[in-house]
Amino acid sequence: MNDMSNKWIGTRTIRPDGADKVTGRATYSADNTMPGMIWGKILRSPHAHARIRSIDTSKAEALPGVKAVVTAKDLVDFPIDKSVMLGIQDMRWMARNVLAKEKALFHGHPVAAVAAINEEVAAAACALIEVDYEVLPHVIEIEDAIKPDAPILHEWNQFEGKPSNIAGTMVLKAGDIEKGFAEADIVVERTFTTRPVHQGYIEPHACTVSHAADGRVTIWSSSQGQFMVRAMTSLLTGIPQSNIRAIPAEIGGGFGAKTIVYLEPVAVMLSKKSGRPVKIVMSRDDVQRATGPAPGSLMTVKIGAKKDGTLVAAQGTFYLQAGGLPGSPLRGPVGCSFAAYAIPNVLSTGYDVVSNRSKVAAYRAPGAPHGAFATESVLDEIAEKLGLDPLDMRVRNSAKPGDKAIYGATFGDVTFVETIDAIRKHPHYKAPLDKNPRPGVKRGRGVASGFWYNAGGESSVQVNITEDGNVVVTTGHPDVGGSRASIANVVAELMGIDHSRVNVIIGDTQTIGFSNLTGGSRVTFASAMVATASCEKVIGQLKDRAAKIWKIDAEAVKWEDGMALPAGDNAGKFPPLSLKELAAKANEMGGPIGTQVQLNTTGADPGFATHCVDVEVDVDLGIVRVLRYTAAQDVGRALHPGYVEGQIQGGVVQGIGWALSEEYLYDKNGRVDNASFLDYRMPVCSDVPMIEALVIEIPNSKHPQGVRGVGEAPIVPPLAAIANAVHDALGKRFTALPMSPPKVVARLEQAD
Amino acid sequence: MSKMHVTTTINGEPMEFLADASSSLLDVLRGPLGLTGTKEGCGTGDCGACSVTVDGRLMCACLVLAVEAEGRSIGTIEGMAQGETLHPLQQKFLEMAALQCGICTPGVLISARALLEKNPDPTEEEVRFGLAGNLCRCTGYDKIVRAVLETAADMRESAR
């Protein structure tokens, strides 16, 4: 099945949703309307930290045109002392993030919502809501939040017996760290900081919701999981899941951040109270202030090595910002930072730190880029000090099949070295680089690697043979980057028919079985696996039908090129029966042909990536430009190479933004000072070069097509690769991101 | 305040609408006119998702007042294909996987068309600066730039 000579798998077919997207017909979450629809608006906290003493909505409710007002009291109560988990999300925090309860925890935190006949009236009504705030001292940065006298966000939260902003810890250990460092010939320890960065999807959050008179709810919104939307909305509103139909709109980017809800439960309660469909659309300002971002970090990494480069001990201490409510992705840096390396003695500790900024959301390999920035920078320094090639040193230390990973798993295939080799052998790594091309300009080259767990999990795929003998595939996963195209390739291949005869669509929560989030680099892996099982069952049905028609055993029938054929001469001589012919006879031979398979998939081996980058630094202006970028990754099998390359290229450029320009700026009142795309500087087209994706295909033996997840790993190495390149150019280590012009200039003025 | 009456042309077809003085062209396109192919990513002219042409000139519809459409000719993504025939840029974007989520795609296509009308033979750098007003967070721009360059080459070839 994993045959490189496949007809459709591995080809650059045109995606099923493509024509709608290039003509403006695809409907994203803000594009939907409903008859009788009214508009919702969110009232947001003007304070970074304040106790909410009371909320008086009476004046807003009295304004003509206002149809409903809701506050946290209208949602299900989740007491602080009782955790209710949905996946990795705790509903205590989700409910309080959606509508503030005891406290407003960041500037922009929703405190109430209004539905009115138009947006203007809804906005006017928001201004009439009287919130009695007790303004409290705020704290933004990790360094400040962990001080003993820091303002405490949650009085009930204790750490080491005292009220604290440290809301959680995670520790992974191997061997004996003291002994390990004692054996080392060289030890390098550095402290690193990264700033929070927003996922930066171009589509703001939006939803249209109808709560009908019979209690049935329809939600039209874009997310990375319609089942997540249904489940969280059900939990927060108390409406049973059977009465909530969450319809996935096309999603305009998510990158992890659309794996939670912000608007849907609020819109449902507004719709229930008003008796009207309600639409809410966030502004970009709302998105930047109150959704995402990825956490900022404060990290210390210490690594010990022998003279030959063998790593003997590694210690990481990772503080991540959770935002106003607990829940930063500690397993990213704690588990991934050292995972690609066989290091006998490891201590990796994470701290979840709350502060007065928006609750963090997942962002591509959550937490892993942070840890890799620290670890891969320290490894670069060790290689430099030992006079070793940094890639050779990584090869020497690669984890091996059968090794026990620090996070508990035992490695099956480890294809890390293959990614390093791809870079070592690439012309880019060998190309001469003029380090002083002209006065005031320095150039440098850097490398770094990355690791991501990848994931399996629940997926459902329905394969139906239409009456005219074509194929409709329904999956339960929102398509963020071409998963429909990949599944179409797999189904056309397995069914042995032309690609144009397969249509792949995404079902809503009431039309397809449970399917977990699109995230963690799991969707193509899981849905291809389940689509394969579905196709195998359908082919079994088709062979049964042919056997019945021919009056022979089903085992004597084979399926080839979209046709049933006698399996051999002994089976008898019959003209082939095509899919179209079998479909035409379906009802007289036993009924409709099709099946749904629902699986909790396993076997998602981890992803490895190694990157090489050349940068140019203007030493007077502090501007760092990326000149050339090459990214190698083992993807197992590229079902659709175009979208696999696209994942790698996109992840790299997000990493470039993280390394060089993106950060949240706060004013002294704890308000985001750059909540726009003008001031929050994501890479634009003229900022970056072509990104060469080296797609390595070593089939994952646990997957029918050999697939390995792709989407997360590409964002893990860039921060360190670029920092290492800047070091190569300037001779100075950069331990703080972003390496934006003022910071580069300031660093150049520092001694060392 | 009463609404103002606007007579305009959208994608070559005569159109009338009523708009508040404060409404943007984007509000009217996406709202009463139902032309939701033009996207709103920021509302401040920074992302280019609402790129349209006004009398052939590239603009962000969020920065144009609806009443400014009076007597003008507006071009949106809905008018880019001729019936069933996609514009060469649209076709090339599909063939070269130059879109992922697709939310920026209408704006990128409108910008790219405007670029190629002015400069049918752009360098890579000219394409990159020509599209610098269109944020894309998915693709890293690589395939977009390649698709625009290839389309330009094809269009020059077929114009010969």
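Is E250(A) buried or exposed? At 16% relative accessibility, E250(A) counts as buried, where buried means under 20% relative accessible area, exposed over 50% and partly exposed in between (1.4 Å probe, protein chains only).

1. Basis of the note. This is a predicted model, in which local features need pLDDT of at least 70 and side-chain atom pairs count only at pLDDT 80 or more, while totals for chains, interfaces and linings use all residues. Residues are numbered from 1 along each chain as its sequence is written, chains are lettered from A and ligands numbered from 1 in the order in which they are written, and side-chain values use heavy atoms, with hydrogens and water left out.

2. The bridge of E250(A). The side chain of E250(A) forms a salt bridge with that of K21(A), at 3.0 Å from N to O; the term denotes a side-chain nitrogen of Lys or Arg within 4 Å of a carboxyl oxygen of Asp or Glu. The two residues are 229 residues apart, K21(A) in helix α1 (residues 18-22) and E250(A) in the loop between β15 (244-248) and α8 (264-274) of chain A. Helices (H or I, at least four residues) and strands (E, at least two) are DSSP runs, numbered from the N terminus. K21(A) is buried as well, with a relative accessible area of 1%.

3. A second bridge in chain A. D614(A) in strand β28 (residues 607-618) and R445(A) in strand β20 (residues 441-452) lie 169 residues apart in the chain, and their side chains meet in a salt bridge of 2.7 Å, N to O. D614(A) is buried at 4% relative accessibility, and R445(A) is buried at 16%.

4. A bridge in chain B. K3(B) and D20(B) pair through their side chains at 3.6 Å, N to O. Here K3(B) is partly exposed, at 48% relative accessibility, and D20(B) is partly exposed, at 23%.

5. Salt-bridge total. Over all chains the count comes to 61 salt bridges.

6. Surroundings of Y629(A). Leaving aside neighbours within four places in sequence, Y629(A) is in contact (heavy atoms within 4.5 Å) with residues including H428(A), V652(A), I656(A), M690(A) and I722(A).
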